[in-house]
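Student: I have a model open and would like to go through it with you. Could we start with how the helices pack and then move on to the core and the loops?

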Amino acid sequence: MAIIDVVVPQLSESISEATLLEWKFKVGDAVSQDETLIEIETDKVVLEVPAPESGVITEIVEGDGSTVTSGQLLAKIDTEAKAAAAAPAAEAAPAPAAVPAAAPAPASASKGDIASPAASVILAEKGLKASDVAGTGRDGRVTKADAQAASAKPAAPKAAPAPAPAPIPMNLEGRPEQRVPMTRLRARIAERLLQSQQDNAILTTFNEVDMSAVIALRNQYKEKFEKEHGVKLGFMSFFVKAAVAALKRFPILNASVDGTDIIYHGYFDIGIAVSSPRGLVVPILRNADQLSLADIEKAIADFGVRAREGKLGLEDLTGGTFSISNGGVFGSMMSTPIINPPQSAILGIHATKERPVAINGKVEIRPINYLAMSYDHRIIDGREAVLGLVAMKEALEDPQRLLLDI
């Protein structure tokens, strides 16, 4: 017998623990080398734990949902064993003998009238009930004298009951609730967003951009572009290029805060917000200033695929000097994006819609996109923020400048 251990892979220094999601095999199953045994969720990515060698799982030490750390033992594999044959199905247990239904309880014996026949006649004439009269006979029986005495008293008028309010129809059926714990990634996203709002003096500036020139350029070359580069020409590459152009002119937008220091970054690592089944992730487009439109489109397409498949690595999500969030793909018209710490600014782009605008004194219909840039007012003044957004607007409205780097 040759037993080998399956352990948690080495996590990054910024991650202290992770959560096991779901074992894909059970004890006794045969596995092949490099076959994924289980996925581990950190607060940034989901990691796969492959089988180090082929064999049979002899023990699972940590079950689904367990919290684990780097190097912790997860399971053991016997590399010389064979998969156990399926256990024969257990014989069906005999059905329990039917329990005879209990005999119905005998009806309680009648106690007879509590008023004498003569008293009953008098009470009926006066519209009284025997239960309303204190009987003096045997066992509290109401006698004729009791009935006569009760009927001689004037009946106290009964207060008319207040009319009941009309009930509001309410159907409380079919209203299920489900309580599920946040995933580690979702909890981390919530923590970082709250931290961003607490630690940064966030202010947002807005502008609108006429997308006519970008749309015309894209329509003119999109078929040749896709044929040449094997990827579709989208709009995100233009937004990335416009953002980089503005960051070069206003470096404070590309800076970050460290205590009482401002760190100016001499490179442009742009975070691209991507939606995944487990939540929003922001992979980093490294050295975006050195990438062509085709390079940017390929990288963003790759981010989207790997985000959906849970294949983004820690190195993809670490760092970044500026971020772009595209709520327009979901139909958003306007939003105030939240800064992604430790960055100091983020650009929010939205759905492009045709709107009437004034052009040289005339009203024309143009494709307009509203831009929103949130920034940390601790280090970025309104002047730099507004001018930076205007620079992005000007670059998008004259995209040839982006190609000529002017």
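**Helix packing, core and loops**

Tutor: In this predicted model, helix 5 (residues 236-249) packs against helix 6 (residues 293-309) at an angle of about 115°, and their axes are 9 Å apart.

Student: Is that crossing right-handed or left-handed?

Tutor: The crossing of helix 5 and helix 6 is right-handed.

Student: Which residues in helix 5 and helix 6 meet?

Tutor: Helix 5 contributes Met236, Ser237, Phe238, Val240 and Lys241, which meet Leu293, Ile296, Glu297 and Ile300 in helix 6. By class, that contact has six nonpolar, one polar and two charged residues.

Student: Let us step back to the protein chain. How many helices and strands are there?

Tutor: The protein chain has nine helices and 19 strands. Of its 406 residues, 37% are buried.

Student: And what share of the contacts with a separation of 6 or more comes from residues 24 or more positions apart?

Tutor: Such residue pairs account for 63% of those contacts in the protein chain.

Student: Now the largest nonpolar core. Which residues there touch the most other members?

Tutor: That core has 78 residues, and Leu37, Leu74, Ile270, Phe322 and Ile324 touch the most other members. Helix 5 supplies the largest share of this core, with nine residues. The core also draws at least three residues from each of domain 1 (3-78) and domain 2 (202-404).

Student: Where is Ile324?

Tutor: Ile324 is in strand 16 (residues 322-326).

Student: Why does Ile324 count as buried?

Tutor: Ile324 counts as buried because its relative accessibility is 1%, and the cut-off for buried is under 20%.

Student: Changing topic to helix 8 (residues 382-397). What is Lys393 in contact with?

Tutor: Lys393, which lies in helix 8, is in contact with Asn207, Glu208 and Val209, leaving aside its neighbours within four places in sequence.

Student: On to backbone geometry. Is the peptide bond from Pro341 to Pro342 cis or trans?

Tutor: The bond from Pro341 to Pro342 is cis, with omega near 5°. Pro342 is found in the loop between strand 16 and strand 17 (345-349).

Student: What about Gly331?

Tutor: Gly331 is found in the loop between strand 16 and strand 17, and its relative accessible area of 42% makes it partly exposed. Gly331 and His350 are 19 residues apart in sequence and 7.2 Å apart in space, C-alpha to C-alpha.

Student: Which residues other than glycine have a positive phi?

Tutor: Asn287 is one of them, with a phi of about 50°, and Asn360 is another, with phi near 50°. Most residues other than glycine have a negative phi, and most peptide bonds are trans.

Student: Where do Asn287 and Asn360 lie?

Tutor: Asn287 lies in the loop between strand 15 (284-285) and helix 6, whereas Asn360 is in the loop between strand 18 (353-359) and strand 19 (362-376).

Student: How exposed are Asn287 and Asn360?

Tutor: Asn287 is partly exposed because its relative accessibility is 33%, while Asn360, at 78%, counts as exposed.

Technical notes
Residues numbered from 1 in each chain as written. Predicted model: local features only at pLDDT ≥ 70, side-chain atom pairs only at ≥ 80, totals over all residues. Heavy atoms only, no water. Axes fitted to C-alpha atoms, helices over the stretch in contact; angles between N-to-C directions. Helix = DSSP H or I, 4+ residues; strand = E, 2+ residues; numbered from the N terminus. Left-handed = near helix turned anticlockwise from the far one by under 90°. Contact = heavy atoms within 4.5 Å. Nonpolar A, V, L, I, M, F, W, Y, C, P; charged D, E, K, R; others polar. Core = buried A, V, L, I, M, F, W, Y, C linked by side-chain atoms within 4.5 Å. Buried < 20%, exposed > 50% of the residue type's maximum accessible area, 1.4 Å probe, protein only. Domains from an automatic or database assignment.
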